[in-house]
Amino acid sequence: MQEENKKDASIYSDFAFDDAFRTMETECDDILIPFVNHFYNEHYDKTAKITRLRNEHFIEHEDQSDEKRITDSHFRITQGEISKIYHFECESKPYDNSILVRLFEYGSQIATDESSNDGTVLKVRFPYTGLLLLRRSNKAQDTAKVIIETPGGDVSYDIAIKKMSNYTIEQLFDNRLYFMIPFYIFNFERDFNKINRDENKTEALAEIFRSLLKRLDYELETGNLSVFSYDVIIRLTHKVVYKLTMNHAKVQEKVGDIMGGKVLDLPEIRLFHEAKNLGLAEGEEERKKLADENEKLSNENELLRKELERLKNNNK
């Protein structure tokens with residue numbers, strides 16, 4: 001397929017890697033909780049309540065112009081007497097010093113939103129901030145620090161940093177870091193040229209993703225993953241794989257088709273049975289929602305089926 005046509009294909013259009021991050025943060029409580037626990041050594045369980053907060057903020061520049069920015073995630077977790085605010089960013093670009101500045105700007109706006117003011121005392125509350133780096137980086141450490149010099153003395157807070165390149169499949173599953181699975185393909189990016197030229201290497205990478213899917217199936221069967229989050233993870237993994245491998249046709253076809261085939265075969269009927277188990281009254285309301293969701297998923301699957309078929313035909 002011509003490169004310009006590939007970039008216009010619906011499977012790529014208007015999709016960025018932070019879109020996947022925002023989708024999971026917004027929709028999947030059961031995988032967000034262990035992700036936060038890992039980042040900040042928290043101990044939240046299924047009873048923790050997540051409250052999504054405002055993601056749109058305006059940054060004022062020196063020329064007094066305002067720039068609208070949208071954070072990747074901004075939410076509060078409450079469990080018992082504990083209530084903390086978190087801000088996470090997912091970064092696909094190379095790590096540089098500007099990232100810390102941006103994180104501080106976001107944090108300052110969030111702190112202002114959460115401030116209290118009685119006329120004589122202004123109290124601001126900075127969020128617990130985390131950064132997920134999708135690409136390898138030798139510059140970034142496990143923790144960064146923000147130091148604020150004030151007339152009353154210096155104050156500081158840490159920013160937790162995690163790098164996809166530090167995690168194996170086993171570590172992701174052992175720590176229930178399902179949230180990070182859609183980005184696992186980034187760990188092979190530097191070797192895409194070699195993998196794309198070597199059929200054995202391409203097949204080896206495909207086998208890794210077949211194994212990944214089997215492990216996700218097991219997590220679903222054992223109740224560690226909800227049906228909804230299971231479906232979301234697979235769909236987003238498929239999109240990330242296709243987006244990242246745009247310039248490596250063999251890798252894209254081999255690995256992308258594995259994920260795409262799984263998307264097409266997802267048994268949405270399980271959503272119905274899961275709702276049914278909630279009880280007749282609650283299940284009836286849930287079934288109505290799931291009926292709408294099933295129709296939407298069926299339409300998406302049909303579009304995806306046609307898109308995959310078109311991609312295969314154009315690559316012949």
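The structure is a predicted model, in which local features need pLDDT of at least 70 and side-chain atom pairs count only at pLDDT 80 or more, while totals for chains, interfaces and linings use all residues. Residues are numbered from 1 along each chain as its sequence is written, and side-chain values use heavy atoms, with hydrogens and water left out.

The protein contains eleven helices and ten strands; these are DSSP runs numbered from the N terminus, with helices being H or I of at least four residues and strands E of at least two. Of its 316 residues, 44% are buried, where buried means under 20% relative accessible area, exposed over 50%, and partly exposed in between (1.4 Å probe, protein chains only). The accessible surface of the protein is about 17,200 Å², and carbon and sulfur atoms account for 46% of it; such areas come from the Shrake-Rupley method with a 1.4 Å probe, and for residues only the protein chains shown count as cover. Contact means heavy atoms within 4.5 Å. Among contacts between residues at least 6 apart in sequence, 64% join residues at least 24 apart.

A nonpolar core is a set of buried Ala, Val, Leu, Ile, Met, Phe, Trp, Tyr and Cys residues joined through side-chain atoms within 4.5 Å. The largest one has 64 residues, and those with the most contacts inside it are Ile-77, Phe-88, Phe-183, Ile-185, Phe-209 and Leu-216. Helix α8 (residues 227-244) supplies the largest share of this core, nine residues. Apart from this core lies another, of eleven residues, including Ile-99, Leu-103, Ala-140 and Ile-161. Leaving aside neighbours within four places in sequence, Phe-183 is in contact with Phe-17, Ala-20, Phe-21, Met-24, Cys-90, Leu-132, Leu-134, Met-164 and Val-240.

Helix packing can be considered next. Two packed helices are described by the angle between their axes and the distance between the axes. Helix α2 (residues 17-27) packs with α8 at an angle of about 175°, their axes being 10 Å apart. Axes are lines fitted to C-alpha atoms, for helices over the stretch in contact, and angles run from 0 to 180 degrees between N-to-C directions. Angles under 35 degrees count as roughly parallel, over 145 as roughly antiparallel, 65 to 115 as roughly perpendicular and the rest as oblique; α2 and α8 are therefore roughly antiparallel to each other. In this pair, Phe-17, Ala-20, Thr-23, Met-24 and Glu-27 of α2 meet Phe-228, Val-232, Leu-236, Val-240, Lys-243 and Leu-244 of α8.

A salt bridge is a side-chain nitrogen of Lys or Arg within 4 Å of a carboxyl oxygen of Asp or Glu, and by this rule there are 14 salt bridges. One of them joins Lys-84 to Glu-42, with the closest N and O atoms 3.0 Å apart. This pair links distant parts of the chain, since Lys-84 lies in strand β5 (residues 82-91) and Glu-42 in the loop between α3 (29-40) and β1 (49-52), 42 residues apart. Both Lys-84 and Glu-42 are buried.

Arg-215 forms a salt bridge with Glu-170, at 3.8 Å between the closest N and O atoms. Arg-215 lies in helix α7 (residues 199-221) and Glu-170 in helix α5 (residues 169-174), so the pair ties together parts 45 residues apart in sequence. Arg-215 is partly exposed, at 27% relative accessible area, and Glu-170 is partly exposed at 43%.

Within helix α7, Glu-207 and Arg-210 lie three residues apart, about one turn of the helix, and their side chains meet in a salt bridge (3.0 Å, N to O). A network of salt bridges links Glu-203, Glu-207, Arg-210 and Lys-254.
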